[in-house]
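Hi,

Here is the structure I promised to pass on.

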Amino acid sequence: MQSILCFFFPATMTVVIGFEGSANKIGVGIIRDGEVLSNPRRTYITPPGQGFMPSDTARHHRAVILTVLKEALEEAGLKPADIDCVAYTKGPGMGAPLVTVAIVARTVAQLWGKPLLGVNHCIGHIEMGRLITKASNPTVLYVSGGNTQVIAYSERRYRIFGETIDIAVGNCLDRFARVIKISNDPSPGYNIEQMAKTGTQYVELPYTVKGMDVSFSGILSYIEEAANKMLSSGQCTAADLCFSLQETVFAMLVEITERAMAHCSSQEVLIVGGVGCNLRLQEMMGVMCEERGAKLFATDDRFCIDNGAMIAQAGWEMFQSGQVTELEDSWITQRYRTDEVEVTWRD
């Protein structure tokens, strides 16, 4: 009788907790077999006109990470004993914040007696996007404050088909926001997006696509130099500049994404990363996809912006395929490319 009862018991589910803190957001998320159980986070916000320094950001993360960890466990209704694996962001990102999170994750893993996994931040975004949208094998546009890449999966790697050759698109938007003193709350990119909706005049800006790659430093230098002059002379408004900048950089991103789709014979596009929340970018990409008979997939700010659940999800995939990170190998790597990771969990 006992063996029959055991036969009907469900298989044990795998629960992974993920720690993310590669930039100005600190998050802890818990995933159980594709279900997001909790995903709290905090954002380090600086005054208008200022960026965030690594040391200050790390100090912020240290101050709140244990509170966020407690929230994640309480929201999920779990205890440390219920966790099967601890995942953390290994890189890429800012050194001091990455180290802060890695130390906490290593400590938690040892205190709880759980295996540890170092996760590539970019792959965390991709796997979270795939989970939420159910996209099967998309061409991925990964756009954030620190990264801009067009990616497609092939032979156990996420291959980079095109990328920025200088600064990331999110960094370009953030630095422009500092020039015209746009608030950093909740984020510079979000506030640029809102202002752009009231812009009516398109100001021609440098457009630099080089094959499959893009360059944003020229457009940033141009607009940094011209902005105050144009605004003070009444040639345009701040909203016009926000509108023009968005239209230009997003058109560049749509162009290289379409070229990658053609190369891969792809019929799906998945936008991930913090800039991927931008509805105008989604709209422009959607038009291109519709013209090609393709599908567009994107998520909202719960999962697009850096969060702990995305690290937990990538960690879950890795753990299920038999990967673990030994304690002596649990360092951080600021420059950790997407295509360096062997994708053992996909065919």
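Buried, as I use it here, means under 20% relative accessible area, with exposed being over 50% and partly exposed in between (1.4 Å probe, protein chains only). This is a predicted model, where local features need pLDDT of at least 70 and side-chain atom pairs count only at pLDDT 80 or more, while totals for chains, interfaces and linings use all residues. Residues are numbered from 1 along each chain as its sequence is written, and side-chain values use heavy atoms, with hydrogens and water left out.

Helices (H or I, at least four residues) and strands (E, at least two) are DSSP runs, numbered from the N terminus. Contact means heavy atoms within 4.5 Å.

Let me start with helix 5 (residues 169-179). Its buried residues are Val169, Gly170, Cys172, Leu173, Phe176, Ala177 and Val179. The cover over them includes strand 7, strand 8, helix 6, helix 7 (217-233) and helix 8. Just after helix 5, Lys181 takes a positive phi of about 60 degrees.

Now the sheet. Two strands pair if DSSP finds at least two bridges between them. There is an open sheet of 5 strands with mixed pairing, in the order 9-8-7-12-13. Strand 9 (157-163) and strand 13 (295-298) stand at the edges with a single partner strand each, so one side of each has no neighbour in the sheet. On average, neighbouring strands of this sheet are turned by 25 degrees against each other, direction ignored. For angles like this, axes are lines fitted to C-alpha atoms, for helices over the stretch in contact, and angles run from 0 to 180 degrees between N-to-C directions.

A hairpin with 4 residues links strand 7 to strand 8. The hairpin of strand 8 and strand 9 has 2 residues between the strands, and there Glu155 takes a positive phi near 50 degrees. Strand 8 is mostly covered, with 6 of its 7 residues buried.

Val150, for its part, stands opposite Gly162 in strand 9.

Two helices lie across this sheet. Helix 4 (residues 121-133) lies across strand 7 (139-143), strand 8, strand 9, strand 12 (268-272) and strand 13, running at about 125 degrees to strand 12. Helix 8 (residues 238-264) lies across strand 7, strand 8, strand 9 and strand 12, at about 155 degrees to strand 7.

What does Thr338 touch? Not counting residues up to four places away in sequence, Thr338 touches Asn120, Cys122, Ile123, Ile126, Gln149, Ile151, Tyr158 and Ile160. Thr338 is found in the segment after helix 11 (308-320), and it counts as buried because its relative accessibility is 0%. The side chain of Thr338 also makes a polar contact with the side chain of Gln149, at 2.7 Å. (A polar contact is a pair of N or O atoms within 3.5 Å; within protein, one must be able to donate a hydrogen and the other to accept it, and residues adjacent in sequence count only if both atoms are side-chain atoms.)

Back to the helices: the axes of helix 6 (residues 188-196) and helix 8 come within 8 Å and cross at roughly 110 degrees. Helix 6 and helix 8 are therefore roughly perpendicular to each other. (Under 35 degrees counts as roughly parallel, over 145 as roughly antiparallel, 65 to 115 as roughly perpendicular and the rest as oblique.) Where they meet, Ile192, Glu193, Met195 and Ala196 in helix 6 face contacts with Ala238, Ala239, Cys242, Phe243 and Gln246 in helix 8.

On cysteines, a search of the whole structure finds 0 disulfides, a disulfide being a pair of cysteine sulfur atoms within 2.5 Å. Cys85 is in no disulfide, and the nearest cysteine sulfur, that of Cys122, is 19 Å away. Cys85 counts as buried, at 0% relative accessibility. Cys122 is in no disulfide either, with the nearest cysteine sulfur, that of Cys304, 14 Å away. Cys122 is buried too, with a relative accessible area of 1%.

Cheers
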